[in-house]
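Hello,

Here is the structure I promised to pass on. Please open it and keep it beside you while you read my notes.

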Amino acid sequence: MLVFITLVLAWVPFFPGMPVVGLDPSWALGMNQAVAQSLVFGQNIVFTYGPYASIKTHLYHPVTDGLMLGGSLYFTLMLFLALYVNLKKRAITGGVIMLLLFAGCFYSSDGMMFFYTLLAGLSVREVAGERALGDRARQVHYLLVASLFTAFGLLPLVKGSYLIGCLAVSLLSFIFCALKRDFLLAGIVLVLPVLAMVIFWTIAGQPLSALPDYFQAMLPIITGYTEAMSQPGNIIEPVTYILAGIAVVLFAALEAKRTWCERSFAALLFALILFLAFKAGFVRHDAHATTAACVLLLCAGWIAATSLSKRIWCVAVLVFLAGAYIASHYGASPFQIYKRQAHDNYIKAVKGLAYRFSDPDFFNERYDEKINDLKEMAGFPQLAGTTDIYSFDQAELIASGNHWAPRPVLQSYSAYTPELLALNRNYLLGDDAPDNILFRIQPIDSRLPSLADGASWPVLLTRYAPVSFDNNTLLLNKKSAPFDSRLVEVGSAEVKLGQPIPVPEDALFATVDVSKTWKGRLANTFFKSSEVDIRLNKIDGSVKNYRFIPGMGKTPFLISQDIENTLDFGLLYTGMRLSESHKGVTSFSIMPKQHVSFWKPDVTVHFFSLKVPTDKSLITVYAFSEPEVRTLSDVANIKACEGGMDDIDGKQPENFSSIDSDLLGATGWLTVSSSKGQLADDIYITLTPENGQMLLLATKPMRRPDVGLHFSNPLLAQAGFRLAGRIDHLHGHYTLGLAYRYQGNLVTCSQYNIPVDLNSNG
């Protein structure tokens with residue numbers, strides 16, 4: 001009975017009895033949908049996760065629910081067996097300690113998975129070369145250890161990066177068994193994970209021939225992660241982790257009543273898992289740090305569970321406090337986190353099991369509700385043929401009911417090496433290229449926007465054409481007769497870090513090769529190298545800084561203009577002139593943020609031109625505001641307005657004096673009365689010639705949560721406005737102003753009378 005209760009307690013934290021019925025994160029739904037559509041991982045889908053991703057995410061999908069439940073149950077059984085093999089001498093005390101920690105540590109499934117690989121390795125130490133056991137007992141223990149290593153065939157199919165830990169532990173275990181002259185067990189720890197992986201891969205509906213492709217495609221995902229996805233954080237946390245980790249490794253290396261070989265093996269296992277958790281937690285130093293904290297907490301529990309010494313318990317307490325300190329920075333207090341996690345792991349799981357038995361359709365109905373809600377919110381039309389979405393938000397497209405046909409690296413921010421970028425580009429050039437693309441500019445981590453799938457932009461610009469622009473989403477259709485998307489080199493340069501690199505007049509794209517020194521490679525391997533910035537110098541002398549990902553810059557990306565948003569990209573199809581004052585790039589430079597010694601001083605740049613088949617008539621796609629004539633008699637009042645313009649064509653209003661462009665942009669906010677919470681019916685930018693009638697350019701609403709917060713009125717969060725208006729036919733001297741309509745009356749704002757020259761050189 002005690003064994004049964006222990007198994008149940010171990011099982012529940014991993015069992016998704018109450019799965020997440022939602023569509024976030026978007027990529028997680030994409031993984032489930034990929035399995036449902038029988039897409040092949042490693043070929044059709046290249047991402048961090050595999051066909052069993054739902055075991056980690058607990059995200060419900062009608063098709064993958066069985067894989068999630070079965071895989072979770074299997075993994076939990078293996079965890080229980082690992083505890084039994086390692087704690088058989090202190091089964092009750094040690095088991096209680098570890099299960100209490102499991103109950104509260106499942107906020108980091110990565111940490112739990114790492115710890116399992118550690119337990120599997122330690123179990124080898126308990127069995128290999130054991131002569132005291134009888135033949136039958138030895139067979140049972142061999143069977144148990146063999147079972148534990150079958151999970152090594154499943155974990156990399158949950159998340160590809162788990163392969164590193166599984167492979168390393170298997171190799172260390174093989175060497176340990178060989179030293180112990182236990183060659184049967186040595187063969188088991190190497191062969192069984194492979195056989196199990198073949199079985200799990202087949203159960204997931206994946207073709208066996210694609211299994212090598214899965215791991216080959218995973219290599220650039222794993223090796224490029226540190227450079228592309230690193231994020232700074234509180235340096236005290238990794239230092240605390242390292243000190244606590246050293247204490248854990250020393251505990252293993254000095255453990256009493258163990259041979260030198262056994263202590264060394266255990267120390268290497270702990271060092272390996274702690275290092276993997278360190279990288280997982282502190283490369284992208286945000287909530288990922290909870291992975292590192294979880295591993296420390298579990299290691300502290302392990303020390304306490306396997307030792308009776310008071311001195312060793314002091315080590316366990318210190319390690320535990322280090323883990324709790326790190327975890328406390330990413331939520332409430334450690335006690336509150338534990339209480340919440342224990343509640344979620346047990347109470348919610350029991351409720352979920354009750355729903356599964358009492359109402360089998362409960363989760364399907366909830367899933368359908370979420371899908372319908374997202375479908376209405378996204379508002380995507382039903383499209384003929386296949387459709388992909390850039391740069392992420394896969395869930396919106398899947399929910400829309402359109403035929404989802406994702407590129408291999410389905411999240412553009414994850415295509416961060418030349419190999420991954422080439423996969424996506426080649427997909428667009430192939431026979432299976434989607435008929436439609438929903439396109440958005442969505443940079444992360446302050447990256448240069450044109451880096452995200454930048455190698456695919458030449459194909460998008462020549463083989464697709466815009467048909468609509470709504471809700472910041474550009475709909476592109478594949479052309480029946482595509483243009484040539486090949487780039488033509490128009491120049492190159494060899495420069496130093498920080499040196500300005502002039503952009504040739506006929507260049508549209510560029511490649512930048514900046515490489516690490518041996519110091520940088522070492523730092524990247526064991527922690528992370530410094531971030532790199534790209535500095536764009538514009539025609540008017542203004543400067544814009546972005547984060548630059550060297551791996552993404554090795555393939556072509558657009559450099560001639562600062563493409564800040566989806567509209568900027570869409571206008572590339574029209575050939576209409578953007579304002580050169582804040583879009584055109586004259587030169588740029590590459591410079592590390594810190595640790596310059598991590599990067600080689602020489603930078604190689606190549607420039608390329610592309611003949612984009614522009615069509616000015618496509619401007620109608622964007623529904624730009626057209627000037628509307630109003631006489632002065634239409635103006636009911638002139639008064640100072642509450643609000644104003646934040647920028648005009650990228651400049652402060654007081655610095656705006658001229659523009660040579662086909663379009664005029666502006667943003668700001670305006671209220672009729674902030675105290676009464678009154679909003680205007682319409683807001684306009686006005687242009688009045690020296691001798692002529694006032695022209696109104698209608699703006700569109702834009703959310704301004706800061707305004708609502710400032711006035712403590714949520715309604716005023718709707719007070720923002722943005723303008724994208726056509727001025728290609730306007731020339732000469734004008735006065736620019738701001739106006740609004742309220743209850744049928746047109747009011748102009750007295751504080752804005754800005755003299756401007758429009759297209760005087762055009």
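**Helix α4**

Helix α4 covers residues 65-87, which is 23 residues. From its first C-alpha to its last it reaches 33 Å, close to the 33 Å expected at 1.5 Å a residue. Is α4 mostly covered or mostly open? Mostly covered: 18 of its 23 residues are buried. Bear in mind throughout that this is a predicted model.

**Helices α9 and α14**

Next, find a pair of helices. Two packed helices are described by the angle between their axes and the distance between the axes. Helix α9 spans residues 162-179, and helix α14 spans residues 260-282. They pack at an angle of about 175°, with their axes 11 Å apart. Angles over 145 degrees count as roughly antiparallel, so that is the word for α9 and α14.

Which residues make the contact? From α9 come I164, G165, A168, V169, L172, S173, F176 and L179. From α14 come C261, E262, F265, L268, L269, L272, I273 and L276. By type, the residues of this contact divide into 13 nonpolar, 2 polar and 1 charged.

**F265 in α14**

Pick out F265, which lies in α14. Is F265 buried or exposed? Its relative accessible area is 4%. Buried means under 20%, so F265 is buried. Leaving aside residues up to four places away in sequence, F265 touches G121, V124, R125, L172, S173 and F176. Of these, L172, S173 and F176 also belong to the α9 side of the helix contact. For a sense of distance, compare F265 with Q561: they are 296 residues apart in sequence. In space, C-alpha to C-alpha, they are 56 Å apart.

F439 stands opposite L474 in β5.

Another open sheet has 4 strands in the order β6-β13-β8-β11, and its pairing is antiparallel. Which strands stand at the edges here? They are β6 (488-496) and β11 (557-558). Again each has a single partner strand, so one side of each lacks a neighbour in the sheet. Strand β8 (residues 509-513) is joined to β11 by 2 bridges. Look for F509, whose bridge partner in β11 is L558.

Last, some backbone details. The peptide bond from Y390 to S391 is cis, with omega near 0°. S391 sits in the loop between β1 (386-390) and α19 (394-399).

S712 is in the loop between α25 (705-710) and β22 (720-726). Its phi is near 55°, a positive value in a residue other than glycine. S712 has 65% relative accessibility. Exposed means over 50%, so S712 counts as exposed.

Q743 lies in the loop between β23 (732-742) and β24 (745-749). Phi of Q743 is near 50°, again positive in a residue other than glycine. At 61% relative accessibility, Q743 counts as exposed too.

Best wishes

Note on methods:
Residues are numbered from 1 along each chain as its sequence is written. This is a predicted model: local features need pLDDT of at least 70, side-chain atom pairs count only at pLDDT 80 or more; totals for chains, interfaces and linings use all residues. Side-chain values use heavy atoms; hydrogens and water are left out. Two strands pair if DSSP finds at least two bridges between them. Buried means under 20% relative accessible area, exposed over 50%, partly exposed in between (1.4 Å probe, protein chains only). Contact means heavy atoms within 4.5 Å. The expected span of a helix is 1.5 Å times one less than its number of residues. Axes are lines fitted to C-alpha atoms, for helices over the stretch in contact, and angles run from 0 to 180 degrees between N-to-C directions. Angles under 35 degrees count as roughly parallel, over 145 as roughly antiparallel, 65 to 115 as roughly perpendicular and the rest as oblique. Ala, Val, Leu, Ile, Met, Phe, Trp, Tyr, Cys and Pro count as nonpolar, Asp, Glu, Lys and Arg as charged, and the others, Gly among them, as polar.
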